[in-house]
Amino acid sequence: MTADALIEAYYAAFNAGDMEAFLELLHDEVAHDVNQGERQIGKQAFADFMAKMNRCYRERIDELVVMTSSDGRRAAAEFVVHGEYLASDEGLPEAYGQRYLLPAGAFFEILDGKVARVTNYYNLNDWIDQVEA
């Protein structure tokens with residue numbers, strides 16, 4: 001699978017809510033750089049993170065643009081997150097079904113045809129402003 005196809009499959013599985021397919025695209029020792037947070041290592045840590053995210057948020061990725069390096073070892077994606085805040089997340093405002101629209105991006109390293117690193121970026125203050133409005 002090409003780097004472009006891998007990243008497109010990653011977001012397609014995310015949008016479908018197919019966590020099994022989503023996690024299958026990850027390298028066993030995937031490094032996940034959480035936006036404005038810590039680095040988590042391993043597929044199980046990523047699965048635990050996604051379980052929390054899926055409990056607190058319903059999100060869909062739209063307007064996806066994928067860019068890859070010529071050697072296929074790195075990729076970047078720019079997109080818009082359409083979301084709904086379902087359950088309060090620790091340290092963040094109270095949830096009561098607020099909707100948000102958030103420009104975001106991610107950087108990837110690819111190893112053995114799998115996502116070996118994903119670093120997500122979005123403007124947390126913009127998100128907070130939207131859910132507090």
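This is a predicted model: local features need pLDDT of at least 70, side-chain atom pairs count only at pLDDT 80 or more; totals for chains, interfaces and linings use all residues.
Trainee: OK, and what about the rings of Y100 and W127?

Mentor: Their centres lie 5.9 Å apart and their planes stand at 75°, so this pair is edge-to-face. Because Y100 sits in strand β5 (residues 99-111) while W127 is in helix α4, parts 27 residues apart in sequence are tied together here. Y100 has 5% relative accessibility and therefore counts as buried.

Trainee: Which residues of α4 are buried, then?

Mentor: The buried ones are L124, W127, I128 and V131. They cover an arc of only 100° around the axis, so they lie on the same side of α4. On the face turned away from that buried side, α4 carries the exposed residues N125 and D129.

Trainee: What covers the buried residues of α4?

Mentor: The cover includes β3 (57-68), β4, β5 and β6 (114-122).

Trainee: And what caps the N-terminal end of that helix?

Mentor: N123 does, with a side-chain oxygen that lies 3.0 Å from the backbone nitrogen of N125.

Trainee: Switching topic, how many salt bridges does a search of the whole structure find?

Mentor: The search finds 10 salt bridges. Among them, the side chains of E84 and R99 meet at 3.7 Å, N to O, and this pair links distant parts of the chain, with E84 in strand β4 and R99 in strand β5, 15 residues apart. E84 counts as buried at 13% relative accessibility, whereas R99 counts as exposed at 64%.

Trainee: Which residues are linked with E84 and R99 in a network?

Mentor: R58 is linked with E84 and R99 in a network of salt bridges.

Trainee: And which residue does D33 meet in a salt bridge?

Mentor: The side chain of D33 meets that of R39 at 2.7 Å, N to O. D33 counts as buried at 15% relative accessibility, while R39, with a relative accessible area of 49%, is partly exposed.

Technical notes
Residues are numbered from 1 along each chain as its sequence is written. Side-chain values use heavy atoms; hydrogens and water are left out. Rings of Phe, Tyr and Trp (its six-membered ring) pair if their centres lie within 6.5 Å; planes under 30 degrees apart count as stacked, over 60 as edge-to-face and the rest as tilted. Helices (H or I, at least four residues) and strands (E, at least two) are DSSP runs, numbered from the N terminus. Buried means under 20% relative accessible area, exposed over 50%, partly exposed in between (1.4 Å probe, protein chains only). The arc is that of the directions from the helix axis to the C-beta atoms. Contact means heavy atoms within 4.5 Å. A polar contact is a pair of N or O atoms within 3.5 Å; within protein, one must be able to donate a hydrogen and the other to accept it, and residues adjacent in sequence count only if both atoms are side-chain atoms. A salt bridge is a side-chain nitrogen of Lys or Arg within 4 Å of a carboxyl oxygen of Asp or Glu.
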